[in-house]
Amino acid sequence: MSFEPPIDQIKGKIREVAIGQNAKIGGETTFPFHLWEGDMPNPPMIAMEVYDEPQPGWPEAVRKVYEDVMGDPVAWAKKCQDEFGADAIVLQLRSVDPNGTDASAEAAAATVKQVNDAISVPLIVLGTGSPEKDTEVLKKVAETMPDDLIPIGPVDDSNHRQIGAAAMGYKKPVIAFTSMDVNLAKQLNVLLTQLGVPEDKIIIDPTTGALGYGLDYCYSIMERDRLAALAQNDSKMQMPIFNNLAPETWKAKEAKVSEEEEPTFGDVETRGVLWEAITATSLLLCGSDVLVMRHPQAVKLVRTAIDGLQAQAKEKVAS
Amino acid sequence: MALSGLQIFKLLAKTNCKECGFPTCMAFAMQLAAGKAELDKCPYVSDEAKAALGEASAPPVRKVTVGAGDLAVTVGEETVMYRHEKRFEHMPGLGVMITDAMDDAQVDTLMRQLKEQQFNYVGRTLRPRVAAIKAADGAALAALAAKVDAGCGAALVLVSDDAAALKAAAEPLKDKKPLLYAASESNFDAVAAVARELDVPFAIKAGTLDKLAELGQKALDGDFKDVVLDPSSSSLGDVLMDQTLIRRSAVKKTFRALGFPTIGFPCNMTDDRMLEAVYASVFIAKYAGFVILSDLDPARTLPLLYLSQNIYTDPQKPMQMDQGIYPVNDPGPEAPIIVTTNFSLTYFTVSSEVEASKMPAWLAIMDVEGQSVLTAWAAGKFVADAIAPFLKKSGIEEKAPHKNVIIPGYVAQISGELEEELGDGWQVQVGVREAADIPKFLRQWSAA
């Protein structure tokens, strides 16, 4: 019996979401990097993180990269764009945390505007995860930059009405956050579309687990998201997927514990960089469209992986 | 060729004895047809049925064992494309290439790492197990293989295109079941003859899946079962494509010629060791049976072994922590006691927030079969009359005698009842609902 390449017939297509001045995410007509049986018109994007206030607790491997720009989000964003070649910038608005600095929505929006004006790559804005405060902040961000395609999030079931309305008013794509559950993700997409948010303005944040800390759950949820979208042609799941992996990765003990404390674990910086790069690469394989990353060396490795995964001798299966 | 459930059913005893674990012979037959049950679960199967069913009931990816003893690696027996459909069965064997171009110190280091390197992660021991041995000629290959076997007992992959060299190295070690790597179009018969004579597994390699399937068919025709595939993928994209198409042919089409586990050599794909680890992660996530690296630097093997565990853990059984008291940030007798469930994600989230808070605390992790707080509470497992005896027997009172315990905010309603169950002056404090709020909570905490 001779070999015939088993090719999957895909019915669905991931929607393209326009962000920034001329970038798009999504658009796949196949499973991640299955380029022998479909297309991936917009390869996954690496969005590098910028924080709006200093991050004193960071492990040395990443602290030393950014210590000269901590406290200066504009310089930080330019560094990621110009030195590290970030495809996009994610501004993580930690200053607005009601349990922390509790900065005002106005102050946060002003920072967002400064960063937005300073960079040419797309900007993505994330609140702190406090639904009430994020509502206030993200509305203000949308209002302040009414014409820019800046994805804003996280939007969850408790604040989707308010943020959804602001997003519709100001053309903002929304990052719809649910906690590791295919049905909840679909339900939130349904709620947002019922509200009137266009389907091509929704991005799924399925909750990202780092290697060793929930990656297995996240990996299978994302595979199931993509099966629903592509194999079952479920239009409510045909959105690009966003993975905010850097904060999770660099929280992992194994990514930051020193070799003195754990002598069998090997060099801490190598380990930290690979913790992030391997988490990111795994997420690429289950359907990520946007990877939020931190360490420039990990970014470089994952960029090489994205390029490498697209290099396929497709003639081997063409018949 | 695969048989249907009905064809299999006709060959069974049809007594519905249930000893196979399925309610009826028909149900068992359907599972056999789907490759999800094994024929030897039926104690009454006749020899004729066995012969007829043997082929049909074999798993779509053959089971192959390389090595013997502690470091033996069994791979294959896979039945699905996606881990959530059932689970992936056997973690890939992670290993290292050892060559006669290395000096003694290098070889000694690698042998020591194979012997000693291991990591404990959610109750499992993860370690590299495989040594691929490459040398200029048969004598050198035999000498190095014997040395590595004696030095660490790793599962061996013997690398040569020369069947005579493979035989020279494998013969003295044949009971250790080394993998002969590899038979290709030009040397298939000679290598297969060595594998047959010594009763050891062998790998087949080819540059295209067509040619690989031809060799796979030759192996099937020769009645070989212990075969490993190398599609010799030249780019990362080809790794994904080849591994996916091999697995899909095997499990979706029951295409036996490619129904074997695979081996990959990220060590041959790049000189950059960091990139090599990233390439290895693609092999691990995407179905490879053996993954061979250039070295065993723990800073690289640790994330790769964790990834194997994450991909191969059973998604239908939540990962669990062992029940017990876990100290965080070096707690003393005055430190707060936090009780929660042994669902691994619950534990990871809580412990990492406590760690981040820099406040010392005792985590009392209770066995509720790996459920999260609310699920376990709803199931009656994380309730006052279960938590109280757990805390009392946990030994926490010797470590921190202050008799204050913090419960998750989601189960605030059990605080009164738990205080009663504990009695003896215990105070129950209601903690936060979200782990992210733990640092703030702990900074403000004081014993009641």
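This report describes sheets, helix pairs, domains and a chain contact in a predicted model.

## Basis of the model

Residues are numbered from 1 along each chain as its sequence is written, while chains are lettered from A and ligands numbered from 1 in the order in which they are written. Because the model is predicted, local features need pLDDT of at least 70 and side-chain atom pairs count only at pLDDT 80 or more, whereas totals for chains, interfaces and linings use all residues.

## The sheet of chain A

In chain A, eight strands form an open sheet with parallel pairing, in the order β8-β7-β6-β5-β4-β3-β10-β9; helices (H or I, at least four residues) and strands (E, at least two) are DSSP runs, numbered from the N terminus, and two strands pair if DSSP finds at least two bridges between them. At the edges stand β8 (202-205) and β9 (242-243) of chain A, each with a single partner strand, so one side of each is left without a neighbour in the sheet.

Helix α6(A) packs on this sheet, where α6(A) touches β7 (174-177) and β8 of chain A, and its direction makes about 140 degrees with that of β7(A). Contact here is between residues whose C-beta atoms, placed from the backbone, lie within 7 Å, and axes are lines fitted to C-alpha atoms, for helices over the stretch in contact, with angles from 0 to 180 degrees between N-to-C directions. Elsewhere in the sheet, β3 (residues 45-51) and β10 (residues 290-293) of chain A pair in the parallel sense over four bridges, and A:A47 has A:V292 as its bridge partner in β10(A).

## A helix pair in chain A

The axes of α5 (residues 160-169) and α6 (residues 182-195) of chain A come within 10 Å and cross at roughly 50 degrees. That angle makes α5(A) oblique to α6(A), since angles under 35 degrees count as roughly parallel, over 145 as roughly antiparallel, 65 to 115 as roughly perpendicular and the rest as oblique.

Which residues of α5(A) meet α6(A)? They are A:H160, A:R161 and A:G164, and they meet A:L188, A:L191, A:L192 and A:L195 in α6(A). By class, this contact of α5(A) with α6(A) has four nonpolar, two polar and one charged residues (Ala, Val, Leu, Ile, Met, Phe, Trp, Tyr, Cys and Pro count as nonpolar, Asp, Glu, Lys and Arg as charged, and the others, Gly among them, as polar).

## Domains, sheet and helices of chain B

The domain assignment, which is automatic or from a database, gives chain B domain 1 (5-57), domain 2 (64-312) and domain 3 (324-444). The centres of domain 1 and domain 3 of chain B, taken over C-alpha atoms, are separated by 49 Å.

Chain B has an open sheet of eight strands with parallel pairing, in the order β10-β9-β8-β7-β6-β3-β12-β11, and its edge strands are β10 (227-230) and β11 (263-264) of chain B, each pairing on one side only. Two bridges join β11(B) to the parallel strand β12 (residues 290-293) of chain B, with B:I263 opposite B:F290 in β12(B). The axes of helices α5 (residues 138-152) and α6 (residues 163-170) of chain B come within 8 Å and cross at roughly 30 degrees, and α5(B) and α6(B) are therefore roughly parallel to each other.

## Where the chains meet

The contact between the chains takes 47 residues from chain B and 48 residues from chain A. On the side of chain B that touches chain A, the largest share, 11 residues, comes from α9(B), and by class that side has 27 nonpolar, 10 polar and 10 charged residues.

Terms used:
Contact = placed C-beta atoms within 7 Å.
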